[in-house]
Amino acid sequence: MTATTEWNIAQLERHLADGAVYTAHWTVNLEDQGETAGAYGSVGFSDPDPADFTPYDELTKEQVIGWVKDALGEEQVTSVEESLANQIQEKLNPTDSSGIP
């Protein structure tokens, strides 16, 4: 089974006057071999370039996820995804345990 990673937008915060999004709350979930792991975060944005502005009601999930990944940077995106993969590997091949004998 191939691992699947899914990025989503949980919430957007915007200015009502112009519809400019200033914060995106994101989630990412990884599923592999029947196990799942997830992460949540948020990123802030500066004011948009008026020449490249998309009205709020025309934004797409893919566009906003692109903004999130650009704001995080390639290194951080990779780090988040690797952390989730490590969590799944720990579930599949535990190295620690707890309990009472």
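Visitor: Leaving aside neighbours within four places in sequence, which residues is L30 in contact with?
Guide: This is a predicted model. Contact here means heavy atoms within 4.5 Å. With neighbours within four places in sequence left aside, the contacts of L30 are A3, T4, T5, E35, T36, A37, E81, L84, A85 and I88.

Visitor: Is L30 buried or exposed?
Guide: The residue is found in strand β2, which covers residues 21-32. Buried means under 20% relative accessible area. L30 has a relative accessible area of 7%, so L30 is buried.

Visitor: How many Å separate the C-alpha atoms of L30 and F45?
Guide: L30 and F45 are 15 residues apart along the chain. Their C-alpha atoms are separated by 26 Å.

Visitor: Which pattern does the chain follow along the sequence?
Guide: The chain holds 2 helices and 3 strands. Read along the sequence, their pattern is β-β-β-α-α.

Visitor: How far apart are the mean positions of the positive and negative charges?
Guide: The chain carries 4 positive and 19 negative charges. The distance between their mean positions is 6 Å.

Notes: Residues numbered from 1 in each chain as written. Predicted model: local features only at pLDDT ≥ 70, side-chain atom pairs only at ≥ 80, totals over all residues. Heavy atoms only, no water. Helix = DSSP H or I, 4+ residues; strand = E, 2+ residues; numbered from the N terminus. Buried < 20%, exposed > 50% of the residue type's maximum accessible area, 1.4 Å probe, protein only. Lys, Arg positive; Asp, Glu negative; His and termini not counted. Charge placed at Lys NZ, Arg CZ, Asp CG, Glu CD.
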